[in-house]
Amino acid sequence: MRKQTRMEQEQIMIGNPAPDYEVIVIGAGVAGIYQIKRLADLGIKATVLDAAPDLGGTWYWNRYPGARFDSESYTYGYSFSKELLGEWHWKERFSGQPENLRYLNHVADKFDLRKHMQFNCKVEAAHFDETDSLWRLRTEDGRELTGRFLIMATGLLSIPTLPRLEGMDSFKGRSFHTFYWPHEPVELAGKKVAVIGTGATGIQVIAEIADKVGDLTVFQRRPNWSAPLNNGPISEAEMAELRARYDEIFATCARTPGGFEHEPDRRGFWQVSREERVALWDRLYEHPGFAIWLRNFREIFMDDAANAEFSAYIADRIRRRVKDPAIAEKLIPRDHGFGVQRVPMETRYFEVYNRDNARLVDISETPLVRVTESGLRTTERDYDFDIIVYATGFDAITGAFDHIDIQGVGGEKLRDKWKDGPSTYLGMFIHGFPNLLMPAGPQSGSASTNYPRGIETGVNWCTDFLEHVWERGYMRAEATAEAEQRWTDHVIQMYSVMLMRKAKSWFTGYNSNIPGHEHGRTRYFVYNGGAPKYVSRISDVAAKGYEGIVLTSGSTPPATPSVTGIAGVAR
Ligand code: NA7
């Protein structure tokens, strides 16, 4: 048993152990920043812990060239403050990492939030204390903190994963995962650079550095469907127009399944002629952002034949852009259709392969064998490099949870409970882990939609929930097993109609670099019902007095829930 700290002993002696904080938030990214803003406004004693040296989460870490939003900048920013909306000028339609990080810092400074944040503070363990109904956290530097509520704002893609290749430590040049791209400028001119991975990250970094390096070699295991981002600057005048439309923009985002300004074409794929379909696609190919994905016919996501026709259209686009027909064919995915994996948006990506200094190595044909002192070896030959860039993805969605020793009631470990995939109630609660909230958790609406829009929804809901709890003097909140089962079943059932259920993608939990995450062992990570339905579900739960959640005043829950009903979780 863990030895009690002096403070704990004193608290127990006075008979009313008070936690250090009413709320501890883990993660100072987009979600954590807004969460602490809401809590600070309420005057709640709360803190944010983050392992990084500063705030920003995703935008603190991912400093690789080309890192930028695929969401329209003005739909990515927070909507909670008119003053903030009025003063911030997004310089590009799809803003890059440096500006994004500046924005988050501006928000934190404007609302004086830094004083509530602790950096270089890596949480190693979080154990629920059933006697005192609070969370006991231990940080890497040996500190212990207690909080009545624990809010996980740890991000969807915050644990990068590397290939498991022999010799990775032996390489004499520089190598890094894109997530850990160095903070100081990396000299690329004249350098021989390898990029492994052609997901959203690889596609961004490859296109950005191709004309800056001496020589670029891309190691591609599977191509991804990708289409032009069509980025551009936002002038002062355009920004003024956008500001005037903010209410309308956010109202549209709230109405659309993806939480973007993009609304699906509801005419019906098979109800319009082939010529009309192609006319739409020609327009969408030139349209900025995810339009090609989200303004398209909805059948693309569910109907194999519709998806195949559209995929063939995009394949032709790729053939038109890549001069060498053999390379073009290698860049066209064969194992999945367009849009069933997360669609990376690109800026002159396909043209990279027309350059004299760039080459594509198809490692599905000639797999990587090992890393050598001077570069990479495939089954065919050795390659020499100065820099190896791993754009190899993340232990997505649940990775950040698995990296903390989270223990709930009876010492149950969350990583054991979620061994084969997450199960949650509303993507916000976990049965057996009382007083733990996830404003943008697995199986919530945020992961599959415009993330900050989902985050604001989740944070607002969680904050309202906590106010409900505090106003009534409850100490403990836990989702019932039944509520969690029904929600998880609902999430699983929604996958069954989506083509994406078959995808080898982080949306289904696939990651070849993590044992147990092989393709076919589907993890039901995201709520696929779209933002409006998700909001309607969680609002309904709140309106019904937070049904599915047992709220109790004392430390130990009663045998029969005293407050909220546990039957009839809204479906
Ligand atoms: P992704 O989308 O998971 O892509 C990872 C890429 O790395 C993908 O092409 C993988 O090929 C490749 N990969 C991974 N491991 C290996 C090994 N061991 N050998 C060769 N190639 C490998 O991650 P991203 O960072 O690009 O994007 C993640 C999200 O960030 C993105 O969706 C946005 O929301 C932002 P595979 O497909 O597995 O054959």
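**View 1. Who lines the ligand site.** Sorted by class, the shell around the ligand comes to 9 nonpolar, 8 polar and 3 charged residues. Keep in mind that this is a predicted model. In total, 20 residues surround the ligand, and T201, R221, R222, W506 and Y510 are the closest.

View 2. From the backbone, an N or O atom of A200 sits 3.0 Å from an oxygen atom of the ligand. On its own the ligand has 780 Å² of accessible area, and the protein covers 84% of that.

**View 3. A five-strand parallel sheet.** Here we have an open sheet of 5 strands, pairing in parallel and running in the order β7-β16-β8-β9-β12. From one strand to the next, the twist averages 15 degrees.

View 4. Strands β8 (residues 192-196) and β16 (residues 387-390) pair in the parallel sense over 4 bridges, with I196 opposite Y390 in β16. Helix α7 (residues 200-209) packs on the sheet and touches β8 and β9 (215-220); the direction of α7 makes about 160 degrees with that of β8.

**View 5. The β13-β14 hairpin.** β13 (residues 368-371) and β14 (residues 375-378) pair in the antiparallel sense over 3 bridges. The hairpin gets from β13 to β14 through 3 residues, and R370 stands opposite R377 in β14.

Notes
Residues numbered from 1 in each chain as written. Predicted model: local features only at pLDDT ≥ 70, side-chain atom pairs only at ≥ 80, totals over all residues. Heavy atoms only, no water. Near = heavy atom within 4 Å. Polar contact = N/O pair within 3.5 Å; in protein donor to acceptor, adjacent residues only side chain to side chain. Areas by Shrake-Rupley, 256 points an atom, 1.4 Å probe, with all protein chains shown as cover. Nonpolar A, V, L, I, M, F, W, Y, C, P; charged D, E, K, R; others polar. Pairing = 2+ DSSP bridges. Helix = DSSP H or I, 4+ residues; strand = E, 2+ residues; numbered from the N terminus. Axes fitted to C-alpha atoms, helices over the stretch in contact; angles between N-to-C directions. Contact = heavy atoms within 4.5 Å.
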